[in-house]
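Hello,

Here is the structure for you to look over. My notes follow below it.

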Amino acid sequence: MKANLFGKKIAFYIAIIIVWQAIDSADIWPDNIFPSPIEVGEDLIYGISDGSLFYGIGTSMWRLIVGLAIAIGGGMILGIFMARVETVNQTIGSLVLGLQSIPSVAWVPLAILWFGLTDAGIIFVTAIGAVFAVTINVYTGVKNIDPSYIEAARNMGAKGSQLITTVLIPAAFPYMITGFKQGWAFAWRGVIGAELLFSFLGLGFLLNVGRQLNDVSQVIAMMLVIMGIGILIDGFVFKRLEDKVMSRWGLR
Amino acid sequence: MGKLEAKNIEKFFQHDGKPLKALGGVNLTVNDGEFVCIVGPSGCGKSTFLRILAGLEKPDGGEIMLDGKKLDDTGPERIMVFQEGALFPWLTVRNNVEYGLKISGIPEKERNEISNRYLDMMQLTQFANSYTYQLSTGMKQRVAIARALVMDPDVLLMDEPFAALDSQTRDLLLVEMQLIWQKTQKTIIFVTHNVPEAAVLGSRVAVFSARPSIVKKIIDVDYKRPRVAEDENLGAYEKEILSSLRHQGPK
């Protein structure tokens, strides 16, 4: 069953490459507009062999990780406070909803003015693009905790920060994972978008270099890398974490 | 010690914007080491009363005294066993049972010793490392009881803990509950809507009236233990409980 599914996927992607190659061979568009899969593959191999691709991935990934960590930390604190303190929810809560609607690249001009063309600016964009999605999910998660968990814990003597770390966070964890996953998706878009505009190292920068050099195959190669990393992190990090948590928490 | 007194407990609920009197001055004294069951028509506020005893809800009138001292919050000397168990799914059975001990800062070695004793008492030893989703409803309630017992409370408050169990599992736990009570000598207050269950468990059975509830009648069940549900001699007690439940009269 699983092997069958995997086979289907492989066949699908091979089919795409064959169709792509066929369109290229039909010579409808010139090669500098529509490169063949082989040219894109060559660009990838070139990037791998001179190390620039790994350097780009590494740069983007560490910005992503730092930005996402800030977003998760901040979002958890904000979300828990919103869920537990009604005044915080009524005031900051409405602002969070508003800020959530701002696309992360719209923070780039502000980030450049505040931080200049630095890593900190890109990390700022990454974190702020993700933090509100995390906040909203953490808030929902804490709001939806079975009240008897909290009562049982209080009854056994849990108070304040103990209650937060031993009950609120673990009980809301299934929702939080959804928040982290959304946060990661926003952070990844944010980091690539910011790198494009900052033009300061990373995968987004390499993508932009491709455009500046009129190198379409470089552009497509970088897009494929960005997509591939997205699939990997979704499938391996979050899917596994989610599966494990859902079954442990008895939700599946 | 665990002498629990409820004096003239009143509680209102908001219903369609109007206050609805759920508890109309409940008086009940439960002596140290006594096993008291509370029965009443559904919606009569017996669970609310238990939650007030636990300190999870505040009464709108009256007071709760434990050994002569007024109470106004939850405390580890009154531990509640919830209807659905309220076990933490992110913890193993052992860690669930040890939760209260961990919260109060008891070191791991000591925690393990204490939990081993109660895991053994509730026949959970081989499930110590399981997670709750791997357990049947009956096993979950065993864990919930063990988790309450490790706290060594003076009073055990049980809110229809066997309501969701199949009858075989329930019969087994009814006998075990009596043995646990005899062994630990805890004061137990047990809310149920199941009359035979009340007759099997309770040394006394307090019958609540319909809203606004008061303790309508207290029936002494003076019969040897451990009792089993199918014992015909309990029938007379069940009849007495049932008839006092029935003669509520519309209010």
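Two strands pair if DSSP finds at least two bridges between them. Helices (H or I, at least four residues) and strands (E, at least two) are DSSP runs, numbered from the N terminus. This is a predicted model, where local features need pLDDT of at least 70, side-chain atom pairs count only at pLDDT 80 or more, and totals for chains, interfaces and linings use all residues. Residues are numbered from 1 along each chain as its sequence is written, with chains lettered from A and ligands numbered from 1 in the order in which they are written.

Chain B strands. S6(B) and S7 (residues 155–159) of chain B pair in the parallel sense, over 4 bridges. Met80(B) has Leu157(B) of S7(B) as its bridge partner. S6 (residues 78–81) of chain B is covered on both faces. Arg78(B) and Met80(B) on one side are buried, as are Ile79(B) and Val81(B) on the other. Buried means 20 or more other C-beta atoms within 10 Å of the residue's own, C-beta atoms being placed from the backbone.

Chain A helices. H8 (residues 160–198) and H10 (residues 216–248) of chain A pack at about 170 degrees, axes 10 Å apart. Axes are lines fitted to C-alpha atoms, for helices over the stretch in contact, and angles run from 0 to 180 degrees between N-to-C directions. That makes H8(A) roughly antiparallel to H10(A) (angles over 145 degrees). Residues in contact have C-beta atoms, placed from the backbone, within 7 Å. Among those making this contact are Trp184(A) and Trp188(A) of H8(A) and Phe238(A) and Leu241(A) of H10(A).

Best wishes

How values were computed. Angles under 35 degrees count as roughly parallel, over 145 as roughly antiparallel, 65 to 115 as roughly perpendicular and the rest as oblique. Two residues are in contact if their C-beta atoms, placed from the backbone, lie within 7 Å. A residue is buried if 20 or more other C-beta atoms lie within 10 Å of its own, exposed if 12 or fewer, and partly exposed in between; C-beta atoms are placed from the backbone.
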